[in-house]
Each structure stands twice: as C-alpha cells, then as structure tokens.
Amino acid sequence: RVGELSRLLAELSGHDERECSLLRQTAPMHDLGKIGIPDHILHKPGALSGDEWTVMQTHTTIGQHLLHTSRRPALQTAAIIAGQHHEWWNGEGYPKRMKGEEIHPFGRIVALIDVFDALSHPRSYKQAWDIERIVAHILAGRGTQFEPRLVDIFHANVDQFIELWCRYRDFP
C-alpha cells in the first residue's frame, strides 16, 4: 500500500516514470529500522514514556544505517526515505530536524503517505481512524508537518488515494 500510494503522489506531483517506479519499490522499506526497536516498546498498548519515545524515534536512523552503505540506487533511496520520513516541513520532525526542501522529495512524499496509511489501521495503542478524520488531519498538517503543495495535490485527488487504499487494504 505505502509503495502504491507513494507512487501515485509522486506521479501526481510531477515525478517521471523512473522516479515513480523507484519510489513504489523503496517506500515500503520506510520502517525497516523498527526491527531494532524492542517489542515491549513497539507493541505497547498505551502511550510511550519519554524514554520509550526516544528509543522509538531511532527507527529512522537504524533503517538508514542498515541501507545506506549499499551501492544499489534502490537501497540508497530506501535509506533516504527511512531516515527522513518523520522529518516535518517546518523543521519540528526527527531525527535531524530538517526543514522544507532540505528534506528529499521522496522523504516528503512518504511522510504524508505514511500518516495516511498508519492512521487507517489499528495499532496496539490506537483504533483505526475513519478516512474523513485522516484527511482532516493531513489538511491540518499543511505547512507544518507536510509540504503544502503535496497536501494540495493529495486533497485534490483524495478519491484516487482512497480507491487505491481500498484496493490494497488489509482484511481481517
């Protein structure tokens, strides 16, 4: 899902076919670093403590570290995405507090798509959100968490994202 949704946002935002294909292939590796997060934190049913949250944030650098030494363009791209998908447009994200166009375009795309996808599924610490609430959350993050242009593209084409999400959605 994350790969397909990221490819769609890349295509709608003007990336060429090669870049869209590369993003489709690499976006699903955005959370690879979670293999380094202890299960008691990863699957905790309640809110994380400050220390637990600090550990959880390291999944970005763990994933980037696991992938960055490869000479393969796809794995180098996956390393960028893993390291940047929690950076915020306004610089308040993590791990490096990158801001605006300092964040790779693929990191910006996956940041938005990751939120769209993650909020739509139940986790040990939350219920799944309905689509309307997710879209409202993304719109509210325009210019803070997310690149404004990407939010505008997402919103103008939200039916395509919902249709694609439904096509690849998990069923119980």
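Modeller: Asp117 is buried, at a relative accessible area of 6%; buried is under 20% relative accessible area, exposed is over 50%, and partly exposed lies in between, with a 1.4 Å probe and protein chains only. This is a predicted model, where local features need pLDDT of at least 70 and side-chain atom pairs count only at pLDDT 80 or more, while totals for chains, interfaces and linings use all residues. Residues are numbered from 1 along each chain as its sequence is written, and side-chain values use heavy atoms, with hydrogens and water left out.

Biologist: Which residue forms a salt bridge with Asp117?

Modeller: Arg1, with the closest N and O atoms 2.5 Å apart. The pair links distant parts of the chain, 116 residues apart: Asp117 sits in helix 7 and Arg1 in the segment before helix 1. A salt bridge here is a side-chain nitrogen of Lys or Arg within 4 Å of a carboxyl oxygen of Asp or Glu. Helices are DSSP runs of H or I with at least four residues, numbered from the N terminus.

Biologist: And Arg1, what does it count as at 24% relative accessibility?

Modeller: Arg1 counts as partly exposed.

Biologist: How many salt bridges does the structure hold?

Modeller: Ten. One of them joins Glu11 and Arg7, with the closest N and O atoms 2.7 Å apart.

Biologist: How are Glu11 and Arg7 placed in helix 1?

Modeller: They are four residues apart, so about one helical turn separates them. In general, an α-helix has 3.6 residues a turn, so residues three or four places apart point the same way. Glu11 is partly exposed at 44%, whereas Arg7 is buried.

Biologist: Which residues are in a network with those two?

Modeller: Glu4 and Arg24; salt bridges link them with Arg7 and Glu11.

Biologist: Back to helix 1. Is it mostly covered or mostly open?

Modeller: Mostly covered: nine of the eleven residues in helix 1, which spans 2-12, are buried. Among them are Val2, Leu5, Leu8 and Leu9.

Biologist: What covers the buried residues?

Modeller: The cover includes helix 2 (17-26), helix 7 (105-119), helix 9 (148-156) and helix 10 (158-168).

Biologist: What happens just after helix 1?

Modeller: Gly14 takes a positive phi of about 100° there.

Biologist: Different pair now. Which residue meets Glu147 in a salt bridge?

Modeller: Arg149, at 3.6 Å from N to O. Glu147 is buried at 9% relative accessible area, while Arg149 is partly exposed at 40%.

Definitions and conventions:
Helix = DSSP H or I, 4+ residues; strand = E, 2+ residues; numbered from the N terminus. Contact = heavy atoms within 4.5 Å.
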